[in-house]
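Please work through the exercises below with the sequence and the 3D view side by side, and try each task before reading its solution.

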Amino acid sequence: MALPKSSVTFNVAPSQDTTFPTNACQIIFQASALLRAVRRGVRSELKNTCVEVEEPEACPMSPPWFLLVPLIPQPQSKLQQCRPMVGPSALPVLQRDGNVMLGGLFSLHDMVMQPDFSFTSKPARSRCTGFNFRTFRWMQTMMFAIDEINRDDHLLPNFTLGYKIYDSCSTPYHALRASVELMGGEGEGEVEGGSCHGLVPVVIGDGGSTLSLVVARFLGVFRVPQVSYFSSCACLSNKAEFPAFLRTMPSDFFQVDALVQLVQHFSWKWVGVVAGDDAYGRGGAQLFSEKVQRLGACMALHEIIPKNHAEGAMASIVARIRSSGAGVVLVFALEQDAGALFDEALRQGLTGGSMGFAIRRAVHIPGLQEFLLRLHPSSPDASEDPFLRPFWEEVFRCSLQGDGGGDSHWGKPLCSGSEDLGSVRNIYSDVSQLRISYNVYKAVYAIAHALHAMRSCETGRGPFPLHACPNTDSIQPWQLLHYLKQVEFSNSFGDETKFDVNGDPVAVYDLVNWQLGAEGQVKFVTVGRFDETTSLGRKKLYIQKTDIIWNGNQTTVPLSVCSSSCLPGTRRAIRPHFPVCCFDCVVCTAGEISNQTDAIECVRCLPEFWSNEECTACIPKQVDFLSYGDTMGMALLSVALLGSFCTAIVVLIFACHYATPIVRANNSELSFLLLFSLTLCFLCSLTFIGRPSEWSCMLRHTAFGITFVLCISCVLGKTIVVLMAFRATLPGSNVMKWFGPLQQRAFISLCTMVQVVICAVWLAVSPPSPRRLMTRESACVILLCDEGSALGFCLVLGYIGLLASLCLLLAFLGRKLPDNFNEAKLITFSMLIFCAVWVAFVPAYVSSPGKYSTATEVFAILGSSFGLLTCLFLPKCYIILLKPEKNNRKHLMAKSEPDKTF
């Protein structure tokens, strides 16, 4: 409520440094006066100032009273209009005398109809509406327990309990006003000799946490014990704020713990919370949100039910529940708020199963149902019960004849007098689910056992200073509070009742499932249990899953997730601007795995392993090399064998025509040696195919180097022979005697031995060896031969290149020698092809990955070998086989016209 301009706010709540009057009645009556001021305003004694007291909104956590003092001077005429109004009459009370009076606070009505305040006339009395049958049964249970104790000759012999019960009307104001009347006696401000008449040493109630907060703050000032039967707010466990508060209802702290374990048990990750706008709802929802989020679950929504149950607000809450996608919604609300939410959900067609934790149920309280059904307006004590008439009229929808007579009241027919509670089935007479009623029953017995302990105190062995015992003829509330905290007993049902240091009882809950019976009635079936006292190592929550019926009579547990679980082989990917429970499932990349559900990240396999197709396990990588089974390996093998076969054919042709001039020309011995070396070149390529080993790696490079040097040496020898042969035809030339067959053999051997020495040093210093090439980006382990010494490999190739370049140069110089069969031309073409192949080989070899580099080397070997074989021997074979007439000395020695173009 907004403050008026130019006003000062005085907080009159007691501070820590406040000195209280020594007489408790003075405090009571000061509070009573303050409470009356809240309702009617007072006339200030200050001159030219009118004080009006404004009633604040109920806020249990803030100081309860505020005085608003306008400082604007008012005209004298207006000041004279201020006059006190007569306060409200006493609250209705149900009372029975006894040696000790037990106070009782019950919210028999669900709401209060406030009158309009015009501030010009006396306002009408506020009227409580919405009679609650269940709360009325709780009140009757208190009376039943007191009667049962009074009849017991063992618990409190020669001692009777009385009661003084008020209706708090579900509002903090009425609860506080009733508490003041409980503390102040029958009339406000009655004091005789400085003592209080009718002082109640203990109060049972109230039901709602918000109401108990207000009452507990007030009663805590006087250390008057308060035992609540339905207030579960965890904040009430704070003994610094509420030193005299106890309860037979477990704290929300335990209830939230049970709910969190329930959510965890069913793997619900996307949960909605709807709470009532009170201490129970807000406190419980806040505790649940904090705890459940620590377990990795997320809140789909968090809504507050307004106290006025506005249609638009309720419709909006249900709409948000529907759009949130949550399969499970937890409701922390009182009966009235939860009922309004369920009604709106049904109206919008949003249905589902219900399950929740309920406090432990009493199997049966003998005699309670008969006690409940005894009520009748014609009974002798009916006139003393102010709550019987509204109850009776609400049950039978009729009107009891009032003092003024008449035929009806508020449009209802008159009651006939023949109505019988036994013929009506409602929540009042239903004793099958005695839970809160059982709490009330235990609260009364806890007080009775505390009184029994007080009366049993032995003189000189008391708990108070100087071992004094309490005076049972004048019981002080603070003494009774001491004994209440020490209470520990087992009732006739075998249930133990005691309070911990916070005044809380042992937390034991039944897990109750709402099931629809065959006749359409709702049955409450216990399907599990939560026991906070379970020993360490055992589960506190036990659930019988087979007994649970979910929405649509299904037995399958409903899912409540923002995103479905990510299967093994995938990982979670958080959606931007969404809670962590909302994610996408991303398949692990190749080489990574996840072998559990809802993996946060994928794990990379070790270098020698690779992920399977499902990305759920690491398996050894496939070993990859140029094998005979590969298509490429088979193709290279075929080409190598074809080259060897073609070489063998040429050898056969030359052997069959050995005596012909074209074979004998230019040293036939060199031709056969060249064909032999070409055969070795084709065959040495086979050493590059197959699984690399130490021997194969050393053999392939040395065999390749030596055979190719032998081949090029033969070609170089033939080139020198051609040049020498034409030089020898000049007059006076005797050059051929210096390069005869013996010198040719020596030259070829010398050239070859140089390569042999290079290879020997290479093998001795750093020989080629097999190597496993494992890259994280590849699914294969590549087996290849490492050159060992890069210098050795370069020397081998460089020496081959040197001989090939020299051969090309000499052949190029002799290309225009006059002869019908000038072999220098053929050597020039063959060397051009050879050099072109090996020049192209170098970048291709460096850039080719894995086994393809080996294939490139084999291709270069085969390509250059085929070039030599084709260019050097195909023309000769052509003449031998197809042009035999040209295979004579005359034709070969004939002069030919030089080619101008080459």
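Predicted model: local features only at pLDDT ≥ 70, side-chain atom pairs only at ≥ 80, totals over all residues.

Residues are numbered from 1 along each chain as its sequence is written, and side-chain values use heavy atoms, with hydrogens and water left out.

**Exercise 1.** Describe the protein chain as a whole.

*Solution.* Begin with the elements: the protein chain has 22 helices and 31 strands, where helices (H or I, at least four residues) and strands (E, at least two) are DSSP runs numbered from the N terminus. Next take burial: of the 902 residues, 46% count as buried, a word that stands for under 20% relative accessible area, with exposed meaning over 50% and partly exposed in between (1.4 Å probe, protein chains only).

**Exercise 2.** Find the order of the open sheet of six strands, and name its edges.

*Solution.* First, the order is E4-E8-E5-E9-E10-E11, with mixed pairing; two strands pair if DSSP finds at least two bridges between them. Third, neighbouring strands are turned by 20° against each other on average, direction ignored. Finally, look at one pair: strand E5 (residues 100–106) and strand E8 (residues 161–167) run parallel and are joined by seven bridges, with Leu102 opposite Tyr163 in E8.

**Exercise 3.** Determine which strands helix H5 touches.

*Solution.* Helix H5 (residues 209–221) packs on the sheet and touches E5, strand E9 (202–204), strand E10 (226–228) and E11, contact being heavy atoms within 4.5 Å. The direction of helix H5 makes about 165° with that of E10; axes are lines fitted to C-alpha atoms, for helices over the stretch in contact, and angles run from 0 to 180 degrees between N-to-C directions. Helix H13 (residues 477–485), in turn, lies across E9, E10 and E11 and runs at about 40° to E11.

**Exercise 4.** Is Ser316 buried or partly exposed?

*Solution.* Locate Ser316 in helix H8 (residues 311–324). Ser316 has 25% relative accessibility, so this residue counts as partly exposed.
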